[in-house]
Amino acid sequence: MKKVIFGTLLVGLFGLFLSVGLISCGGGGGGGSASTSTPTISGTAATGKPLAYVPIYLKDSKGTVRSTITDANGKFSFDTRGLTPPFYLRAEGNLFSYTEQSSGTANITPLTTAVVAIANNGNSDIYTNPPKLNLTNAKNSLKSFLDPVLQKYSVQNVDFITTPFDANGQGMDAVIERILISVKPTNNTIDIEIKNPFTGETIGKGTFANGSISVSNPINSDEVNNLPSSVTFKKYFAYAKNNYGGQEEGPYMVDVVESSNGQISVTITAVDGDTGDLFFIYGKGTKSGNNISFEVALIMCSDTDPNGTGTASFTGTIDSNGNITGTFINTLSPGDTCKENGSSIYEGTWKAEDITNASPANIAGTYNVYATPKGGLEEGPATLTITQTGNSVNSSLTFIDGDTGKEVTRTGKGTVYGAYVIVRIPVIICHDTGSGEAEYATFFGRYENGTITGIYGDGVYPGDSCKNGNAEGTWRAVKK
């Protein structure tokens, strides 16, 4: 269970950039072809939508790490000269992939994550403690399990990891978009479950056995026919505010996929308050006329049980501009309570701006950038410089290193959706507990009248943490 805390500001210390480092970059953010003399691993990162400008990490068999950022279409590429396969790949959002080749394609999707989980006894995280894998049975077993779905979307003779594809809603991308795959331990087994994300219905189920799937509930033709043939996409940025005196918080990115009968699947992209990484929250619901409602597995408050679960129900009305206003009810698991109101029921209001067809705002310029630590005062400024081409941006952050006292600059990439921006820069923002190098911090913001305001997720090293316990914060940037 991931938690987005709307009731309390979970922030790090921005002004003192301690233990800042940069992971060596391998290749650019795009997926362009390399020369024949350069070994290159490239692919597409997608979850039914392209993972635009998302950090990708590659680790070789000797533990050497390289990183890059995807482009607007989810494409990425690594120069693998000097590295020793096999390679273990991770995309923020807990997506993984694996290849034994020095050059070729290695996509990162829920399908590739399922393949490595099947081959690794149910553990999809092959990046933290890399194992030696044999993927042959896992690939064949998952293809056989999903065959009715693959046939519906005309996906034949593919390898989920090594077959190139585009995140355009067609072919393999349609399969990723129209089903949800989950892997979870149940009693003494590891289960794999396939769901219809528009209805929540389980359409297939099995257990892992010796690197393959033992199917207990095969996918049938009626279940496949209930998967949509065509869909409509909407992208929003949303804010929420509780009813207990809290501040409005956000923006969070919300993607809605609507089938022809009004059923919708929802993906919320947010940052983890513990690690600063991106994560994805999936839900289902309906849209009828100007009314929309959906439900996601989510805890929105500061709860008293770190292992608790929660369900958040959102209802809203769509106005003539496509924007949504409404209310939410968050219900926690029995025995758990929200610290903000001492109850297991947490309520508030939310709003979302439709930016599906919005032209990107011009946010290029140099800014003084500040952040507010939890329970503390705003800190800064550092200097943020943004250049822009269409909806793509390059950024640089210049600050005084808290360890050396020297001026340091870190560079990153991002994208603009209407008035909203997402930028990723390799920097540790808080006082951290270790000495690991920085991963990519994520900055969500909204631009208005020369100022960007929003939230960030810290770039703390895996296994490390912020000393105040939180890797999420709020920030603002004021154009000079």
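## Surroundings of S61

Contact here means that heavy atoms lie within 4.5 Å. In this predicted model, S61 is in contact with T84, P85 and P86, leaving aside its neighbours within four places in sequence. The backbone oxygen of T84 lies 3.0 Å from a polar atom of the S61 side chain.

S61 itself lies in the loop between β2 (55–59) and β3 (65–69), where strands are DSSP runs (E, at least two residues) numbered from the N terminus. S61 is partly exposed, with a relative accessible area of 39%, a class that falls between buried (under 20%) and exposed (over 50%), taken with a 1.4 Å probe and protein chains only. The C-alpha atoms of S61 and Y440, which are 379 residues apart along the chain, are separated by 22 Å.

## The three-stranded sheet

An open sheet of three strands has the order β4-β1-β7, with mixed pairing, and two strands pair if DSSP finds at least two bridges between them. Its edge strands are β4 (75–79) and β7 (104–105), each of which pairs on one side only.

Strand β1 (residues 40–44) pairs with β4 in the antiparallel sense over five bridges, and I41 stands opposite F78 in β4.

## The hairpin of β8 and β9

Strands β8 (residues 180–186) and β9 (residues 189–195) pair in the antiparallel sense over seven bridges, with K184 opposite D191 in β9. Two residues stand between the strands of this hairpin, in which N187 takes a positive phi near 55 degrees.

## Basis of the values

Residues are numbered from 1 along each chain as its sequence is written, and side-chain values use heavy atoms, with hydrogens and water left out. In this predicted model, local features need pLDDT of at least 70 and side-chain atom pairs count only at pLDDT 80 or more, whereas totals for chains, interfaces and linings use all residues.

Conventions
Helices (H or I, at least four residues) and strands (E, at least two) are DSSP runs, numbered from the N terminus. A polar contact is a pair of N or O atoms within 3.5 Å; within protein, one must be able to donate a hydrogen and the other to accept it, and residues adjacent in sequence count only if both atoms are side-chain atoms.
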